[in-house]
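Work through the exercises below with the sequence and the model open. Each task is followed by a solution in steps.

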Amino acid sequence: MSKELANRVKELCADKGIQLKELASIMNVKPESLSRTLNGNPQLSSLENIAKALNVGVADLFSDKTENCVITSSTTPNNLHSIIVYKDKTYIADNLNDLLSHVRMICGE
């Protein structure tokens, strides 16, 4: 996931005419910290800060320019990453059980 995230954030920065070090400055973090976030396993709060600084939604950090495009990988129940943004709340799941739990909770609202 991190390689896709890093590439997508670089793409969004390029679209906005800024460099990653400028993004880090907007976020009030060191460029090294942003790099570790993009290349590691970021927390939701970090994703929200990046999205806010780029003026995009969290889900936009994981989609490409093509509408309705899904980033695919070998998706098995143990190799699943999902983000659901619903009613200004973001739900992240790293396995099928958590994803289903989030969907059930959202549908129960």
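Two residues are in contact when they have heavy atoms within 4.5 Å of each other. The model is a predicted one.

**Exercise 1. State which residues threonine 90 contacts beyond its neighbours in sequence, and whether threonine 90 is buried or exposed.**

Step 1. Threonine 90 is located in strand β2.

Step 2. With neighbours within four places in sequence left aside, its contacts are Leu44, Glu48, Val58, Ile83, Ile84 and Val85.

Step 3. The relative accessible area of threonine 90 is 17%. Buried means under 20%, so threonine 90 is buried.

**Exercise 2. Describe how strands β1 and β2 are arranged.**

Step 1. β1 covers residues 82–86 and β2 covers residues 89–93. The two strands pair in the antiparallel sense, over 5 bridges.

Step 2. Across the pair, isoleucine 83 is opposite isoleucine 92 of β2.

Step 3. The strands make a hairpin, with 2 residues between them. In the turn, lysine 87 has a positive phi of about 50°.

**Exercise 3. Classify the packing of α2 against α3 and against α4.**

Step 1. For α2 and α3, the axes are 8 Å apart and the packing angle is about 105°. Angles of 65 to 115 degrees count as roughly perpendicular, and α2 and α3 are therefore roughly perpendicular to each other.

Step 2. On the α2 side, Leu20, Lys21, Leu23, Ala24 and Met27 take part; they meet Pro31, Leu34 and Leu38 of α3. Sorted by class, this contact has 7 nonpolar residues, no polar ones and 1 charged.

Step 3. For α2 and α4, the axes come within 9 Å and cross at roughly 105°. α2 is therefore roughly perpendicular to α4.

Step 4. Here Leu23, Ile26 and Met27 of α2 contact Asn49, Ile50, Ala53 and Leu54 of α4. The residues of the α2 contact with α4 divide into 6 nonpolar, 1 polar and no charged.

**Exercise 4. Find the members of the largest nonpolar core that touch the most other members, and the elements that contribute to this core.**

Step 1. The largest nonpolar core has 17 residues, and Val9, Leu23, Ile50, Leu54 and Leu61 touch the most other members.

Step 2. Two or more residues each come from α1 (2–16), α2 (20–27), α3 (31–39) and α4 (44–54). The largest share, 5 residues, is from α1.

Step 3. Valine 9, with neighbours within four places in sequence left aside, contacts Leu20, Leu23, Leu38, Ile50, Leu54 and Leu61.

Step 4. Another core, of 6 residues, lies apart from the largest one; Leu80, Tyr91, Leu99 and Ile106 are among its members.

**Exercise 5. Give the order of the elements along the chain and how much of the chain is buried.**

Step 1. The chain contains 5 helices and 2 strands, in the sequence order α-α-α-α-β-β-α.

Step 2. Of its 109 residues, 28% count as buried.

Step 3. Among contacts between residues at least 6 apart in sequence, 43% join residues at least 24 apart.

Conventions. Residues numbered from 1 in each chain as written. Predicted model: local features only at pLDDT ≥ 70, side-chain atom pairs only at ≥ 80, totals over all residues. Heavy atoms only, no water. Core = buried A, V, L, I, M, F, W, Y, C linked by side-chain atoms within 4.5 Å. Buried < 20%, exposed > 50% of the residue type's maximum accessible area, 1.4 Å probe, protein only. Helix = DSSP H or I, 4+ residues; strand = E, 2+ residues; numbered from the N terminus. Pairing = 2+ DSSP bridges. Axes fitted to C-alpha atoms, helices over the stretch in contact; angles between N-to-C directions. Parallel < 35°, antiparallel > 145°, perpendicular 65-115°, else oblique. Nonpolar A, V, L, I, M, F, W, Y, C, P; charged D, E, K, R; others polar.
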